[in-house]
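Trainee: Could we go through this model together, beginning with the ligand and then moving on to some individual residues?

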Amino acid sequence: MSFDRSVKIAPSILSADFANFGAECEAIEAQGADWVHIDVMDGHFVPNITFGPSTCAAIRPHIKGIMDVHLMIATVDPYIEAFAKSGADFITAHVEAGPHIHRTLQAIRGAGCKAGVALNPGTPVSAVENLLGMVDLVCVMTVNPGFGGQSFIESQVEKTRVLRAMIGDRPIHIEIDGGVSPLTAKSVVDAGADVLVAGSAVFKGGSVSKPEVYGENMRAIRAVC
Ligand code: DX5
Ligand code: ZN
């Protein structure tokens, strides 16, 4: 996997048909998705529950490209090995998930995965300053994590710009997660983001029997970037 800063679309299967993840992953990839984003929620770190490593393992054979696992769980460390074994390429943990994010990121890389760190909207960018030597991705949350379909929080655009400058030449992706649509994508790409997570904006109006809508929705996001 070589590093590149071109814009990548990562549909979140949080907005897919939960009874049909395999076919949904195949459909979005066939329609041009670059990565597949998997939102893991524990009902403790965030007020919603989704699924765990066994679901990720079941989905993995249906994804040809990058499986991007976003852990909205606390604690993180006891589950890293299971998510790595499920076939995750990237594992992202929240800086707010516990006092030892540095150890968590070491463990993610130690398990053979790319390491990501996510920032809630209320967390300053300085929280990742001392972690940039050990991450492959920083995820800027542009909604409060927990649910799909929320409104984009505008103040995170300037935060993304500051983060981009802080990253400099390091091979670190900037991922934007929450409320990404054709109306908001350009502002974050201009600020320096390269991975756009989008749930509702990709899946709306489509289905595995109408997958071309997923393609149209992704093209509408790409067109503004
Ligand atoms: C929020 C999740 C996101 C989100 C994206 O907790 O991490 O991935 O579901 O969904 P949209 O694009 O609908 O905001
Ligand atoms: Zn996410």
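Mentor: A definition comes before the ligand: a residue is near a molecule or strand if one of its heavy atoms lies within 4 Å of it. This is a predicted model, in which local features need pLDDT of at least 70 and side-chain atom pairs count only at pLDDT 80 or more, while totals for chains, interfaces and linings use all residues. Residues are numbered from 1 along each chain as its sequence is written, chains are lettered from A and ligands numbered from 1 in the order in which they are written, and side-chain values use heavy atoms, with hydrogens and water left out.

Trainee: How many residues surround ligand 1, and which are the closest?

Mentor: There are 20 around ligand 1, and the closest are Asp39, Gly146, Asp177, Gly199 and Ser200. By type, the shell divides into 8 nonpolar, 10 polar and 2 charged residues. Here Ala, Val, Leu, Ile, Met, Phe, Trp, Tyr, Cys and Pro count as nonpolar, Asp, Glu, Lys and Arg as charged, and the others, Gly among them, as polar.

Trainee: What lies 2.6 Å from an oxygen atom of ligand 1?

Mentor: A polar side-chain atom of Asp39 does, and an N or O atom in the side chain of Ser200 is also 2.6 Å from an oxygen atom of the ligand. For Gly149, a polar backbone atom is 2.8 Å from a ligand oxygen atom. The protein covers 100% of the 380 Å² of accessible area that ligand 1 has on its own, with areas from the Shrake-Rupley method and a 1.4 Å probe.

Trainee: Changing topic: is His173 buried or exposed?

Mentor: His173, in strand E7 (residues 173-177), is buried because its relative accessible area is 6%. Buried means under 20%, exposed over 50%, and partly exposed in between (1.4 Å probe, protein chains only).

Trainee: What does its side chain join with?

Mentor: The side chains of His173 and Asp194 are joined by a polar contact of 2.7 Å. Such a contact is a pair of N or O atoms within 3.5 Å; within protein, one must be able to donate a hydrogen and the other to accept it, and residues adjacent in sequence count only if both atoms are side-chain atoms.

Trainee: And where is Ser126?

Mentor: Ser126 is in the loop between strands E5 (114-119) and E6 (137-141). Ser126 counts as partly exposed because its relative accessible area is 42%.

Trainee: Which residues does the cis peptide bond join?

Mentor: Ala74 and Thr75, with omega about 0°. Thr75 lies in the loop between E3 and helix H3 (80-85). Most peptide bonds are trans.

Notes. Helices (H or I, at least four residues) and strands (E, at least two) are DSSP runs, numbered from the N terminus.
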